[in-house]
Amino acid sequence: MKIDFCVPCLLGLEGLIADELRAMDAEDVRAENGRVLFSGDEYLLARANIRSRFAERILVLVGSFEAHSFEDLFQGTKALPWEDWIGKCDLFPVKGYSLNSDLFSVSDCQAIIKKAVVERLKTKYKIPWFEETGSLYQLQFSIMKNRASLYIDTSGRGLHKRGYRPAANAAPLKETLAAALCEISHLRHYHQLYDPMCGSGTILIEGALMALNIAPGLYRRFTAETWAQTPPEIWQRERAAAAELRRRDVDFRAFGSDIDPEAIRIARENAHRAGVDKYVTFEVWDLKDFEPQTEKATVIVNPPYGERLGELRDARALYRLMGEKFMPAKGRSYTVITADEDFEKYFGRKADKRRKLYNGMIRCQAYMYFK
Ligand SMILES: C[S@@+](CC[C@H](N)C(=O)[O-])C[C@H]1O[C@@H](n2cnc3c(N)ncnc32)[C@H](O)[C@@H]1O
């Protein structure tokens, strides 16, 4: 079956997601602002969930149309082939949002979409009532500039939830963003990765998963695993194929340090759960004592941003210290992600490359030094 998909993503990651989907044999891949569209089949549905490092979730795009009124929304929704997905007994709650559109009441839109899907299924299944006790088909809608798009979520919990981080310290980086920082820093399986402010270890763990080519979703479950359209054989085949891709011949090593002993304890546990503890070493260490133990080093850091008044001075003192510690040298590269637009001033050098990224709702930049 040919399926259209949509990946909503953190702003700045669209290009990376488009590339990883192309590498999974996705077709018609198009990166737009905040989302990536593509098409494929049921196997790709499972593959994208299991293998994607940067996507937030994989949605089936059921259809989209212009909607200026509730009638437009009702008729447009009713015209879509919901019976291709939702069975007689399945559960289909609706959620979504509307932005810059004539239809702005989310609860009214939700109720109208639900009614339209019920009407469609009533005629197709010739039954008056849906018990909704079966598999979950979470419907999602977005209405942007009067264009409604209707989706079904295949993932369930966000794909950043790999399963290795039940515990985190105060300001953890999203796993998808940590993986993206490793990718834009050109991390390879023969590199030595350092994070001297590693907190719960996310950058190092994502780096190790990437270096070993371990699919991030290999050990977790997805909503679509209970769907009639994607029976267990599909998931088994895709999990086995992803497991085959694991690289064994790696020289990769990662070194994490943090001033907070509790963060280091959590980071060790997380690395163990992720199955990469053999490749990562953690120490309690102040940044002022940081010195890479190897000649070559890929350093990636997510320091405190100092968002609250009073903390900014401390954060900037750390940027100054980083400027002294992160000296240019052959085989060394440094990537720092921060929301502080004056970062370069305190660090003391202009970045060789900058890249805009969002850490949740916070607009950040990755400052990259490799010369
Ligand atoms: C934004 S958090 C990093 C979060 C991490 N990326 C994660 O995913 O959990 C910043 C970290 O810097 C650490 N830190 C602050 N000052 C430090 C210093 N002088 N030396 C080393 N680590 C420090 C904090 O303990 C905190 O864990």
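**Figure 1. Salt bridge between R162 and E206 in the predicted model.** E206 is a buried residue, its relative accessible area being 0%. The model shown here is predicted. The side chain of E206 forms a salt bridge with that of R162, at an N to O distance of 3.0 Å. Because R162 belongs to the loop between β7 and α5, whereas E206 belongs to helix α6 (residues 202–211), the pair ties together parts that are 44 residues apart in sequence. R162 also counts as buried, at 6% relative accessibility. In general, side chains of opposite charge can pair when their charged atoms come close. The structure holds 23 salt bridges.

Figure 2. E269 and R265 are joined by a salt bridge in which the closest N and O atoms are 2.6 Å apart. The two residues are four residues apart in helix α8 (residues 261–273), so about one helical turn separates E269 from R265. E269 is partly exposed, with a relative accessibility of 33%; R265 is partly exposed as well, at 40%. A network of salt bridges links E262, R265, E269 and R273.

**Figure 3. Salt bridge between E225 and R221.** The side chains of E225 and R221 form a salt bridge with an N to O distance of 2.6 Å. E225 is buried, with a relative accessible area of 15%, whereas R221 counts as exposed, at 57% relative accessibility.

Figure 4. A backbone N or O atom of L287 lies 2.8 Å from a nitrogen atom of the ligand, and a backbone N or O atom of I259 lies 3.2 Å from a ligand nitrogen atom. From N302, a polar side-chain atom lies 3.0 Å from a nitrogen atom of the ligand. On its own, the ligand has 600 Å² of accessible area, of which the protein covers 88%.

**Figure 5. Polar contact of T154.** T154 is located in the loop between β7 (147–153) and α5 (175–184). With a relative accessible area of 0%, T154 is buried. The side chains of T154 and N49 are joined by a polar contact of 2.9 Å.

**Figure 6. Nonpolar surface patch that includes L99.** Y97, L99 and M144 make a nonpolar surface patch of about 290 Å². L99 is part of strand β5 (residues 94–99) and counts as partly exposed, at 44% relative accessibility.

Technical notes:
Residues numbered from 1 in each chain as written. Predicted model: local features only at pLDDT ≥ 70, side-chain atom pairs only at ≥ 80, totals over all residues. Heavy atoms only, no water. Patch = residues over 30% accessible without salt bridge, like charges linked within 9 Å, V, L, I, M, F, W, Y side chains within 5 Å. Areas by Shrake-Rupley, 256 points an atom, 1.4 Å probe, with all protein chains shown as cover. Salt bridge = Lys/Arg side-chain N within 4 Å of Asp/Glu carboxyl O. Buried < 20%, exposed > 50% of the residue type's maximum accessible area, 1.4 Å probe, protein only. Polar contact = N/O pair within 3.5 Å; in protein donor to acceptor, adjacent residues only side chain to side chain.
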